[in-house]
Amino acid sequence: MVSRIMVIGASEAGKSTLLNVLHGFGPQSCKTQSLEFSARTVDTPGEYAENPRYYRALLATAMDVEYVLFVQDATRENCIFPPGMGQIFPGYTLGVVTKSDHPAACVPRALELLETVALKGDVIAVSALTGAGMDELKRKIGWPD
């Protein structure tokens with residue numbers, strides 16, 4: 001059985017790029033305008049995580065997934081997730097720090113920001129461009145090769 005995952009995070013955090021790499025399409029992506037479902041993934045627009053009015057939609061959508069990936073851009077200085085948000089989702093919550101290879105990245109800061117979210121699982125730093133951390137992420141979520 002292949003797990004289904006949902007990604008949530010700020011606009012331009014790298015959610016769609018991350019999913020494209022997982023699907024083997026490469027790191028290209030475009031702006032997600034609405035919830036996008038595939039057999040194994042749910043891609044969410046950044047506005048859903050940035051606006052508390054959309055939290056209900058995220059929670060309802062999360063009922064059909066095994067993993068919710070909280071995506072934190074390593075180049076951002078702030079976290080959009082409220083403290084403890086990782087505990088309200090029914091599935092297993094993991095943190096993913098994206099853009100870990102970017103010249104402006106500060107991975108330790110991103111890891112610290114995600115600590116406040118109270119995730120149920122680990123936090124993994126990845127790069128969609130170099131592939132760093134992607135194998136570890138795939139193992140954690142049971143992603144097929």
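**Working chat on a predicted model**

Biologist: In which loop is Pro 27 found?

Modeller: Pro 27 is found in the loop between α1 (15-22) and β2 (36-37). Please bear in mind that this is a predicted model.

Biologist: What does Pro 27 touch, leaving out residues up to four places away in sequence?

Modeller: With those sequence neighbours left out, Pro 27 touches Thr 17, Val 21, Ala 128 and Leu 129.

Biologist: And how far is Pro 27 from Lys 15?

Modeller: The C-alpha atoms of Pro 27 and Lys 15 are 11 Å apart in space, and the two residues are 12 apart in sequence.

Biologist: Staying with α1, what about Asn 20? Where does Asn 20 lie?

Modeller: Asn 20 lies in helix α1. Asn 20 counts as buried because its relative accessibility is 18%, and buried means under 20%.

Biologist: Which residues does Asn 20 touch, not counting those up to four places away?

Modeller: On that basis, the contacts of Asn 20 are Phe 25, Gly 26, Gln 28 and Ser 29.

Biologist: Let us change topic. What is the overall arrangement of helices and strands?

Modeller: The protein has 5 helices and 6 strands. Along the sequence they follow the pattern β-α-β-β-α-α-β-β-α-β-α. The radius of gyration is 14 Å, close to the 15 Å that the globule rule gives for 145 residues, so the protein is as compact as a globular protein of that length.

Biologist: What are the spans along the principal axes?

Modeller: The C-alpha trace spans about 35 × 30 × 30 Å along those axes.

Biologist: How many of the 145 residues are buried, as a percentage?

Modeller: Buried residues make up 46% of the 145. The accessible surface of the protein comes to about 7200 Å², and carbon and sulfur atoms hold 52% of that area.

Biologist: What share of the contacts joins residues 24 or more positions apart?

Modeller: Among contacts with a separation of 6 or more, 71% are between residues 24 or more positions apart.

Biologist: Next, Lys 99. Where is the place of Lys 99?

Modeller: Lys 99 is in the loop between β5 (92-98) and α4 (107-115). With a relative accessible area of 27%, Lys 99 is partly exposed.

Biologist: Which residues does Lys 99 touch, again not counting those up to four places away?

Modeller: Lys 99 touches Glu 12, Ala 13 and Gly 14, then Asp 73, Ala 74 and Thr 75, and also Ala 105 and Val 126. As a further distance, Lys 99 and His 23 are 18 Å apart, C-alpha to C-alpha, and 76 residues apart in sequence.

Biologist: What about charges: how many positive and negative side chains are there?

Modeller: There are 13 positive and 16 negative side chains, and the centres of the two sets lie 4 Å apart.

Biologist: Last topic, cysteines. How many disulfides does a search of the whole structure find?

Modeller: The search finds 0 disulfides.

Note on methods. Residues numbered from 1 in each chain as written. Predicted model: local features only at pLDDT ≥ 70, side-chain atom pairs only at ≥ 80, totals over all residues. Heavy atoms only, no water. Disulfide = S-S within 2.5 Å. Helix = DSSP H or I, 4+ residues; strand = E, 2+ residues; numbered from the N terminus. Rg over C-alpha atoms; globule rule 2.2 N^0.38 Å. Buried < 20%, exposed > 50% of the residue type's maximum accessible area, 1.4 Å probe, protein only. Contact = heavy atoms within 4.5 Å. Areas by Shrake-Rupley, 256 points an atom, 1.4 Å probe, with all protein chains shown as cover. Lys, Arg positive; Asp, Glu negative; His and termini not counted. Charge placed at Lys NZ, Arg CZ, Asp CG, Glu CD.
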